[in-house]
Amino acid sequence: MSEEVKVFGFWCSPFSRRVELALKLKGVQYEYIEEDVFKNKSPLLLKYNPVHKKIPVLLHNGKPIAESLVILEYIEETWKANPILPEDPYEKAMVRFWTKFADEKCLPALWKAGWSPENEREKAVDEACECLKTLESALKGKRFFGGETVGLVDIAANFIAFWLRLIQEATGQELLSAEKFPDLFKWTDEFGSCSVVKESLPPRDKLLAFFKARVAEAMDAQTNASK
Amino acid sequence: MGEENKVMLHGNWSSPFVKIVHLALTLKGVPFEYVEEDLENKSPQLLKFNPVHKKVPVLVHNGKPIVESLIITEYIDETWKNSPQFLPEDPYKRAKVRFWSNFVQQQLFGSIFTIIKTEGEAQEKAIKEVSEKLQLLEEELKEFFPDGSCSIDSENVGLLDLVFCSLFGPQKVEEEVLGLKILDPGKTPLLCSRVTAINQLSLVKELTPPRDKLVAFLKFIRENALKSASG
């Protein structure tokens, strides 16, 4: 029986890259469809995700699923190779907790700290560092959040391992350093050096250029605002 | 009940997040001890069990704490396998339940809270948002219940029902406090009949706070919020 798996994504989105990573980890073949999310979302995307109108969307045998974390749990339950969640209900609950924390607290705090205007920056950076410190405590000296292998928390925290470093390079701000967060920093290297992870990351130069362009835009806007 | 398998729930009567878990345990017939937390004066135990968020609900099972209402409920479903099963077996149906439960909790809840805490233009905007979101929910329910029937009993309550129940009480308290209806059977008949059906289950009725208490509480929240907005 042929299985039809499609992923609607955007090249620089960590959210659609999460889905691709999980599928690759499990050896699932899929077709990738790039969406022009800023200017021209396809009618198919709007049909498959009418509620949020966003990527990623996973389409499995014609049935659409939206929201990256919901998709990841679906992938785990559908393709059993290389599990990303533990069996034990308590351990599972802990993984879900940290996944939610990384996604709902860390990511927004880090994004805000990266792009906040001068006068709000210190507070935003403090909050982001608090988040990183808390997340780091979940590592407990393990190689990955998932133990010896990449798990759900690692996948959800993909932004920290790759996107954050490039934002730091583009903005000149350092949020995640080896000095402040030694365990987490080490994790970013471990995670980033997995071949299946490397395959599911956006091209480094293209993403860096994208962030540098945003920095320039933000500076122009600030200069114009103060004229 | 020995120390083994001991279940405790730290909660607060006014929290819809606690209500989900409280209902889940009750419907599954799990014996547990309930600890009412004063949110202005949280117990050292609560802070120890939920150091990251310092919030209720917290479920403690065999001395191990679990937090976040939807995570706790999935844990309950996976640990006590008797009916009702809150999540369906089929992965696609599970994904839909998770998607909509998150939607109601994250998006709808926030907007409803805004209606309670604001007035004028801000409130009108929130009312419009809630109305749109409720319509989306109604459309989805048509797929869940294609024959339009909404019957429910204590054996087939699902996660999404628990989430509805936590947000929409039976007494239309918001009508009294706000002078407006949030749930309108004219606009979202399926949703309304499902909510009514759940709220009529005897186990649910037992866990519903007294109407006067809820009205007073909502009025208090609203008055405080409006005062700080204008102060």
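**The interface between chains A and B and its surroundings**

In this predicted model, 25 residues of chain A are in contact with 24 residues of chain B. The two chains bury about 2200 Å² between them, and 68% of that area is on carbon and sulfur atoms. On the side of chain A, Val51(A), Tyr90(A) and Phe97(A) lose the most area to chain B, and together they make up 26% of what that side buries.

Three elements of chain A, namely strand E4 (63–66), helix H3 (68–78) and helix H4 (89–115), each supply at least two residues of the side that touches chain B. Of the elements of chain A, H4(A) gives the most to that side, with 12 residues. Sorted by class, the side of chain A that touches chain B has 13 nonpolar, 3 polar and 9 charged residues.

The charged residues can be followed through their pairings. The structure holds 28 salt bridges over all chains, and the count between chain A and chain B is 7. One salt bridge is formed by the side chains of Lys92(A) and Glu78(B), at 4.0 Å from N to O. Lys92(A) belongs to helix H4 of chain A and Glu78(B) to helix H3 (residues 69–79) of chain B, so this pair joins two chains. Both Lys92(A) and Glu78(B) are buried.

Glu78(B) also meets Arg96(A) in a salt bridge, with 3.1 Å from N to O. Here again the pair joins two chains, because Glu78(B) lies in helix H3 of chain B and Arg96(A) in helix H4 of chain A. The relative accessible area of Glu78(B) is 13%, so Glu78(B) is buried. Arg96(A) likewise counts as buried, at 8% relative accessibility. A further salt bridge brings together the side chains of Arg94(B) and Glu77(A), at 3.2 Å from N to O.

A salt bridge within chain B is found between the side chains of Lys96(B) and Glu140(B), at 3.0 Å from N to O. Lys96(B) is in helix H4 (residues 91–117) and Glu140(B) in helix H5 (residues 120–144) of chain B, so the pair ties together parts that are 44 residues apart in sequence. Glu140(B) is buried, with a relative accessible area of 10%.

Helix H3 of chain B, which carries Glu78(B), is itself largely enclosed by the rest of the structure, because 10 of the 11 residues of H3(B) are buried. Among the buried residues are Leu70(B), Ile71(B), Ile72(B), Glu74(B) and Tyr75(B). The buried residues of H3(B) pack against H4 of chain A, and also against helix H1 (16–28), strand E3 (58–61), strand E4 (64–67), H4 and helix H6 (159–167) of chain B.

In chain A, helix H3 is the place of Glu76(A), which counts as buried at 12% relative accessibility. Leaving aside residues up to four places away in sequence, Glu76(A) touches Lys26(A), Pro83(A), Ile84(A) and Leu85(A).

Attention now turns to nonpolar packing. In soluble globular proteins, nonpolar side chains tend to be buried together. The largest nonpolar core of this model has 156 residues, and those with the most contacts inside it are Leu23(A), Leu58(A), Ile160(A) and Trp187(A). H4(A) gives the most to this core, with 13 residues. Apart from residues up to four places away in sequence, Leu58(A) touches residues including Val5(A), Val19(A), Leu23(A), Ile65(A), Ile71(A) and Tyr74(A).

Several backbone features complete the description. A cis peptide bond, with omega about 0 degrees, joins Ile55(A) and Pro56(A). Pro56(A) is placed in the loop between helix H2 (43–48) and strand E3 (57–60) of chain A. In chain B, a cis peptide bond joins Ser83(B) and Pro84(B), with omega about 0 degrees, and Pro84(B) lies in the loop between H3 and H4. Asn62(B), although not a glycine, has a positive phi of about 55 degrees. This residue is in the loop between E3 and E4 of chain B, and at 37% relative accessibility Asn62(B) counts as partly exposed. Glu68(B) has a positive phi near 80 degrees and lies in the loop between E4 and H3 of chain B.

Note on methods: Residues numbered from 1 in each chain as written. Chains lettered and ligands numbered in written order. Predicted model: local features only at pLDDT ≥ 70, side-chain atom pairs only at ≥ 80, totals over all residues. Heavy atoms only, no water. Contact = heavy atoms within 4.5 Å. Buried area = accessible area lost by both parts, 1.4 Å probe. Helix = DSSP H or I, 4+ residues; strand = E, 2+ residues; numbered from the N terminus. Nonpolar A, V, L, I, M, F, W, Y, C, P; charged D, E, K, R; others polar. Buried < 20%, exposed > 50% of the residue type's maximum accessible area, 1.4 Å probe, protein only. Core = buried A, V, L, I, M, F, W, Y, C linked by side-chain atoms within 4.5 Å.
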